[in-house]
Amino acid sequence: MYRPYHPPADPIVVRDLTQQQEEMRTRVRIEPLHAEPTFIAGCDSSFPTPETILSVFVLLRYPTLELVEKVYHVGPVTVPYVPGFLAFREAPNLLKAYEKLQQKPDVIMVDGHGIAHKRRMGIAAHLGVLLDTPTFGVAKSLLTGKFEDPAPTAGSRSPLLDKGELIGEVLRTKDRVLPVFVSPGHRCDQANATRLAVACTRGYKLPEPTRLADHWAEQFKKEIR
């Protein structure tokens, strides 16, 4: 993902975004899924230029993972990059892409963190609250917390802890490949987040919903050039 250099954030902006995250955090619900999903979506955003953001949703039938829909939206970047507040930069455009789906998903896998975030408000939690839809995050890198490496075989996992609190699981999706970080976002719990991440893995590091969202983001970039 292209992320250009940005100067230090305005302290007033950081304060306001922090307050918004703290308010949204009170609306997050970590709970089991109410039913087995029929459709699961994956989403991802990228920045073709410093001024534009491209957001993608793919919709898959579950559990076959047949691709049903793929949509995207391109818009202007309206919020500066501030570490820990990525959701405010990406979510508005993701919502516009989501609106283009003809069939809405039962659960969304987000390329990023859920509650595995300093204020428990990663982009998966943020998006879930805005849509009031079950979400969970599958991230490629650590944002916060401590863990021990899971065993080197696919399917191995270890807890991701922050001061003793379980905020996610570290999941090895492919033998001897760096793990991913799975955490619930909203209206989903850790057990279901990890179970679906495993069930959607097809031999790649990333589970199919976010892998295909990333793949189609690259394809759609070619259309807008």
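Colleague: Why does Ser-183 count as buried?

Modeller: Burial is read from relative accessible area, with under 20% taken as buried, over 50% as exposed and anything in between as partly exposed, for a 1.4 Å probe and protein chains only. Ser-183 has a relative accessibility of 0%, and therefore counts as buried. Bear in mind that this is a predicted model, in which local features need pLDDT of at least 70 and side-chain atom pairs count only at pLDDT 80 or more, while totals for chains, interfaces and linings use all residues. Residues are numbered from 1 along each chain as its sequence is written, and side-chain values use heavy atoms, with hydrogens and water left out.

Colleague: In which strand does Ser-183 lie, and which residues is Ser-183 in contact with, leaving aside its neighbours within four places in sequence?

Modeller: Ser-183 belongs to strand S8, residues 180-186; strands (E, at least two residues) and helices (H or I, at least four) are DSSP runs, numbered from the N terminus. With contact meaning heavy atoms within 4.5 Å, and with neighbours within four places in sequence set aside, the partners of Ser-183 include His-113, Gly-114, Ile-115, Ala-116, Phe-136 and Gly-137, as well as Ile-167, Gly-168, Gln-190 and Ala-193. A polar atom of the Ser-183 side chain also lies 2.8 Å from the backbone nitrogen of Gly-114. A polar contact is a pair of N or O atoms within 3.5 Å, where, within protein, one must be able to donate a hydrogen and the other to accept it, and residues adjacent in sequence count only if both atoms are side-chain atoms.

Colleague: In what order do the 8 strands form the open sheet, and which strands stand at the edges?

Modeller: Two strands pair if DSSP finds at least two bridges between them. Here the 8 strands follow the order S3-S2-S1-S4-S5-S8-S7-S6 in an open sheet with mixed pairing. S3 and S6 (157-162) are the edge strands, each with a single partner strand, so one side of each has no neighbour in the sheet. From one strand to the next, the twist averages 25°.

Colleague: How do S7 and S8 run, and how many bridges join them?

Modeller: S7 (residues 165-171) and S8 run antiparallel and are joined by 3 bridges, among them Glu-169 with Val-182 and Leu-171 with Val-180. S6 and S7 also run antiparallel, with 6 bridges, and Leu-160 has Gly-168 as its bridge partner in S7.

Colleague: Where is Glu-69 placed, and is Glu-69 buried or exposed?

Modeller: Glu-69 sits in strand S3, residues 66-76, and is buried because its relative accessible area is 12%. Its side chain reaches the backbone nitrogen of Gln-102 at 2.9 Å. Residues up to four places away in sequence not being counted, Glu-69 touches Phe-57, Val-58 and Leu-59, together with Lys-100, Leu-101, Gln-102 and Gln-103.

Colleague: How many residues of helix H3 are buried?

Modeller: Of the 9 residues in H3 (residues 123-131), 7 are buried, and the helix is mostly covered; His-126 and Leu-127 are among the buried ones. Just after H3, Asp-132 has a positive phi of about 50°.

Colleague: How many disulfides does the structure hold?

Modeller: A disulfide is taken as a pair of cysteine sulfur atoms within 2.5 Å, and the structure holds 0 of them. Cys-188 is in no disulfide, the nearest cysteine sulfur being that of Cys-200, 11 Å away, which is too far for a bond. Cys-188 is buried because its relative accessible area is 0%, and Cys-200, at 0% relative accessibility, counts as buried too.

Key:
Axes are lines fitted to C-alpha atoms, for helices over the stretch in contact, and angles run from 0 to 180 degrees between N-to-C directions.
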